[in-house]
Amino acid sequence: MTNQGYYLPGLYVREGSIPVPLDWAGSEPGVWRAEDHSDQAVIRCFYRVVCAPEHIHDDLPLLVYLQGGPGSGAPRPLNATADGWMAEALRHFRIVLPDQRGTGRSSAIDGSTMASLGEPRAQADYLKHFLADSIIRDFEHLRRTVFAGRPWVTLGQSFGGFLTMAYLSNFPQGLAAAFTTGGVPHIPADAYELYSHTFTKMAQRSQIFYQRYPGDQDRVAAIADRLAQGDVVLPGGDPLSVERLQTLGADLGKSGGFERLHWLLDTAFLDGDGSLPASGASSSRATLSQAFLEGVGAATAVTPLYWPLQEFIYADGDCEPLRWAAQRVRDARPEFDTAARPLMFTGEAIFPWMFEQESALRPFGPAVSLLMEEGSWGHLYNPDRLADNQVPLQAAVYADDLYVPSELQLDTLSRVGHAHAWVTNEFEHDGLHGDRVFAHLYRLALERGDLEGLFPARG
């Protein structure tokens, strides 16, 4: 562990890194030691611990943040108030920010990593070790070895809620309490079921967008007609297809997403004052502005592991192969065809074409295709243990959540012991990053007595 601490505005930061096995099979967190397994592949689990400067020497309870994703590292805070949940948590906790394996400084993976692994089968086998069953074992090992086995509180945002349910299923003794925001998976997991819900929501959200900005319906159609010619290229060299244009809808479930998409479309055409091109043969050759192309490239770029792992977060134990579940749902919904008008946007879903058209994803394509046919995965959830759960769980369920449907979240929570749902339509999926959601969840848990014993008595 790094002993030298440093300061950010309103924060004191310490950093550390521990070895963990690539494959946890046959090993127990807290017991495994790298020096005893010299023949085993080892990766790193990196973490930061942050607190308010005035609490450096205080014995505060630990809160570990389970980042959304998959494939995303922990937040890199700019200051104590830049992220709403952190500003509140710093008042009560010492915060642990671990990078999930394969991200940030925890043995990060990108296209060059895939190339170094050789054949697709080896690549696929490697990627299978970067899902929730391994992530929670890394974090439990971190808790037992670096933090002396002290139970901690988890805060799971989005995919972090999936990690929370896996943690409760496997190592409930490690948790004093748990919070989730927009991230309770449906159990049993079923990717096809999930996408059946989210595609319906995306069709509704697309229609709402066009109702709010009626001029954008024709503008999107004109852009799609231009892209259908097949000769538009993004600044990074990737082709801009109609399918990739549709993925701009992934932002429509976040605060400000409607407005960001509207203003991106606003200057799509370079001709004249940016108005729609005249109809007819010339419209199919209209020039799309460089600013628009750069904006689309930026809006559709993601962390390297986000799309390659996306469907596999729904694979639990022995199950039917996923076989591109989102694409199968899409194929059954003609309103999402690239030629349909109005053009529907798609949400958080992966499709085979991504691994052909997008240069950042191309190195993952053969391995992902192999994994789509896999039927054996690590075990994530234990329904019996969740039913008997004794760890207080407070969940923020967003009624209009575009990514993790509220109806599926509530069905799962109805079968989890000591689980409490705060259902609200005031926030989008990223509501945690404002200044109200975590403060409210914390107050609910405190008033219910769920945090009793975490804090020293005050005279």
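Reader: How many bridges join E1 to strand E2, and do they run parallel or antiparallel?
Author: Strands of a sheet pair through backbone hydrogen bonds, either parallel or antiparallel. Here, in this predicted model, E1 and E2 (residues 11-21) run antiparallel, joined by three bridges. Tyr 6 sits opposite Val 13 in E2. Two strands count as paired if DSSP finds at least two bridges between them. Strands (E, at least two residues) and helices (H or I, at least four) are DSSP runs, numbered from the N terminus.

Reader: What order do the nine strands have in the open sheet?
Author: The order is E1-E2-E3-E5-E4-E6-E7-E8-E9, and the pairing is mixed. E1 (6-8) and E9 (419-424) are at the edges with a single partner strand each, so one side of each has no neighbour in the sheet. From one strand to the next, the twist averages 25°.

Reader: Where does helix H16 lie?
Author: H16 (residues 406-413) lies across E8 and E9, at about 160° to E8. Angles run from 0 to 180 degrees between N-to-C directions, with axes fitted to C-alpha atoms, for helices over the stretch in contact. Contact means heavy atoms within 4.5 Å.

Reader: Is Gln 409 buried or exposed?
Author: Buried means under 20% relative accessible area, exposed over 50%, partly exposed in between (1.4 Å probe, protein chains only). Gln 409, found in H16, is buried at 0%. Beyond its neighbours within four places in sequence, its contacts include Gly 182, Ala 396 and Val 404.

Reader: What should I know about the numbering and cut-offs?
Author: Residues are numbered from 1 along each chain as its sequence is written. Local features need pLDDT of at least 70, side-chain atom pairs count only at pLDDT 80 or more, totals for chains, interfaces and linings use all residues, and side-chain values use heavy atoms, leaving out hydrogens and water.
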